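User: Hi there! Could you walk me through the fold of this model, question by question?

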Amino acid sequence: MKTNKQDVTNIVNRKAKFSYEFVENFIAGMVLRGTEIKSIRAGHVNLLDSYCVFKKGELFVKNLHISEYIGGNIYNHEVQRVRKLLLSKKELIKLEKKIKESGLTIIPYRVFISDRGLAKIEIALARGKKSHDKRNTLKERDDKRDMDRMKKKYQ
């Protein structure tokens with residue numbers, strides 16, 4: 001029996017927001033094999049240590065860990081293969097130009113399933129944070145948490 005339940009697959013790299021300052025975000029498609037999409041829908045994706053590189057004008061993601069599909073057979077996919085990302089030509093040129101001219105990098109931030117059932121990846125053009133910036137982020141997070149506690153206490 002089929003249900004009209006929305007697919008809630010949304011895998012986020014939380015460490016990326018802490019380590020990088022996001023300049024601009026893009027949504028890209030991914031070239032996947034059959035068992036990879038099934039693993040993504042099951043939520044078996046790890047974005048830690050993954051990054052994007054350009055090769056011959058095309059964008060690829062490396063070290064994206066998609067676990068093997070449990071129900072797969074001998075045709076199961078490689079866990080950490082290099083996967084091609086699908087962006088428009090204008091976006092690719094813009095990204096490649098920004099990477100070459102300044103100290104920016106492209107990191108995968110989120111993997112999700114679109115409304116049409118396609119696997120998408122949100123990539124971010126990012127600048128690495130310095131250690132003092134990370135301390136400020138931690139301090140702001142702690143202050144916000146303390147303020148929320150105080151609000152709950154006096155309500």
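Predicted model: local features only at pLDDT ≥ 70, side-chain atom pairs only at ≥ 80, totals over all residues.

User: In what order do the strands of the open sheet run?

Analyst: Residues are numbered from 1 along each chain as its sequence is written, and side-chain values use heavy atoms, with hydrogens and water left out. Strands (E, at least two residues) and helices (H or I, at least four) are DSSP runs numbered from the N terminus, and two strands pair if DSSP finds at least two bridges between them. With antiparallel pairing, 7 strands form the open sheet in the order E1-E8-E9-E2-E7-E5-E4.

User: Which strands are at the edges of that sheet?

Analyst: An edge strand here pairs on one side only. From one strand to the next, the twist averages 40°, with axes as lines fitted to C-alpha atoms (for helices over the stretch in contact) and angles from 0 to 180 degrees between N-to-C directions. The edge strands are E1 (10-12) and E4 (51-55).

User: What angle does helix H2 make with E8?

Analyst: Helix H2 (residues 34-42) packs on the sheet and touches E1, E2, E7, E8 and E9, where contact means heavy atoms within 4.5 Å. The direction of H2 makes an angle with that of E8 of about 80°.

User: How many residues of strand E9 are buried?

Analyst: Strand E9 covers residues 119-128 and pairs antiparallel with E2 (residues 20-30) over 9 bridges; Phe22 has Ala126 as its bridge partner there. E8 (residues 105-113) is joined to E9 by 8 bridges, with Pro108 opposite Ile123. Buried means under 20% relative accessible area, exposed over 50%, and partly exposed in between (1.4 Å probe, protein chains only). By that cut-off, E9 is mostly covered, and the count of buried residues is 7 of 10.

User: Which residue in the turn between E8 and E9 has a positive phi?

Analyst: E8 and E9 form a hairpin with 5 residues between them. The turn residue with a phi of about 90° is Gly117.

User: Is Asp49 buried or exposed?

Analyst: Most residues other than glycine have a negative phi. Asp49, in the loop between E3 (45-46) and E4, has a positive phi of about 65°. Because its relative accessibility is 63%, Asp49 counts as exposed.

User: And how does Asn63 count by relative accessibility?

Analyst: Asn63 lies in the loop between E5 (58-62) and E6 (65-66), and its phi is near 65°, a positive value in a residue other than glycine. Since its relative accessibility is 30%, Asn63 counts as partly exposed.
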